[in-house]
Amino acid sequence: MKVVVLTGAGISAESGVPTFRGEDGLWEGHRPEDVATPEAFDADRALVQRFYDARRASLARVQPNAAHRALAELEQVLGDDLLLVTQNIDDLHERGGSKRVLHMHGELRAAWCTACDQRTPWLGTLLDEPPCPACGAHALRPDVVWFGEMPYEMDTIHLALFSCDLFVSIGTSGVVYPAAGFVDYAAAGGADTLELNLERAANSDFRVSRQGLASELVPAWVGELTATLQAGA
Ligand code: BV8
C-alpha cells in the first residue's frame, strides 16, 4: 500500500514549536507571512535573519511528540511505500525517528548561499553574515521556501500523489498552496483521503476527516493501519 503523508504546523504544536504569532498574531509587529518573503529579505535583511535565527535557536527547546514518533513507526512498517512530506521547517520528524523526510518548504537547519548556490547544514546564526563554507562569500540566507518561491521537489511529490493509495493530511490549515491542493491531486489519482486535524481545514474535501489532537489521532491511525496491513487486508 502506497501512502503519502503531508504534515503542517499543527503536528508540532503540542511540542511547543513557537509559531511566532503572539496574541496579536504578529512577530515584532510583523505578520510572519510578511517576513517570510524575498521582498522582506531585500527590504530588511537583518529583520528576516533575526526571525529565522530565533526560530532556529528555539529548536533546542522543543521535543518531538507522539505524532512524530508514530509516523517514524509507520516508516518502519511501510518502508519506501511511505512518502512523508512536511511543510514544517523544524527537525522534529527527524528527531522523532523518521529517516526520510521531504521538507517542501526547506529547513531551519540549513543555509543557502546566494553566491554559489551551495546548501550547508546550519545550526548557528546568520544575522552576523558568516562566510559561506563553500565559497567564502558573505551571502548566506535561510534555506527556507518563502512566499512567492517554488517549494522543493514538487515533481517527486506530484508523482507520489498520483500513484498513492492513501493520502493523509495532518495538522495543516489547508490555506497555503501548493500543499493545500495535494488532496485534489491524490483524489484525482484514485487515492483515498484522510484528514487528521484540530478542526476541518479550509480545503477540507477529504473522504474521512477526524478532528482532535495530532498526538492522539496519529498514533491511533498508525495503529489501525498497521493492524490492517499485518492482517494482510
Ligand atoms: C508558490 C516556510 C509559485 C517559511 C512557508 C492566492 C491564492 C492561492 C495561492 C496564493 C495566493 N496568493 C499567493 C499564493 C501562493 C502562496 C500561498 O499559498 N499563499 C497563501 C497565504 C494564500 N504560496 C506560495 O507562495 C508558495 N509558492 O506559490 O510559488 C511559483 C510558481 C512558479 C515559480 C516560482 C513560484 C510557497 C509557500 C511556502 C511559504 N513558506 N513556510 C516559514 O515557515 O517561515 S508556509 C508556512 O505556512 C509554513 O510552512 C506553515 O506550514 C504554513 C502554514 O500552514 P500550516 O502548516 O497549515 O500551519 P497553520 O498554522 O496555518 O495551521 C495549523 C493547523 O494545525 C490548523 O488547522 C490547526 O487547527 C491545526 N492544529 C493546531 N494544533 C493542532 C492541530 N492539529 C492537530 N493537533 C494539534 N495539536
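Analyst: Strands β1 and β7 (residues 166–170) run parallel and are joined by five bridges. Strands here are DSSP runs of E with at least two residues, and helices are runs of H or I with at least four; both are numbered from the N terminus. Two strands pair if DSSP finds at least two bridges between them. Within β7, F167 is the bridge partner of V4. β1 is also joined by five bridges to strand β2 (residues 82–86), again in parallel. There, V3 has L82 as its bridge partner.

This is a predicted model: local features need pLDDT of at least 70, side-chain atom pairs count only at pLDDT 80 or more, and totals for chains, interfaces and linings use all residues. Residues are numbered from 1 along each chain as its sequence is written, and side-chain values use heavy atoms, with hydrogens and water left out.

β1 itself spans residues 3–7 and is mostly covered, with five of its five residues buried. Buried means under 20% relative accessible area, exposed over 50%, and partly exposed in between (1.4 Å probe, protein chains only). V3, V5 and T7 point one way from the strand. V4 and L6 point the other way. All of these are buried.

Next comes G8, in the loop between β1 and α1 (9–13). G8 counts as buried because its relative accessibility is 1%. Leaving aside neighbours within four places in sequence, G8 is in contact (heavy atoms within 4.5 Å) with Q87, N88, I170, G171 and T172. I170 lies 162 residues from G8 along the chain, yet their C-alpha atoms are separated by 6.4 Å.
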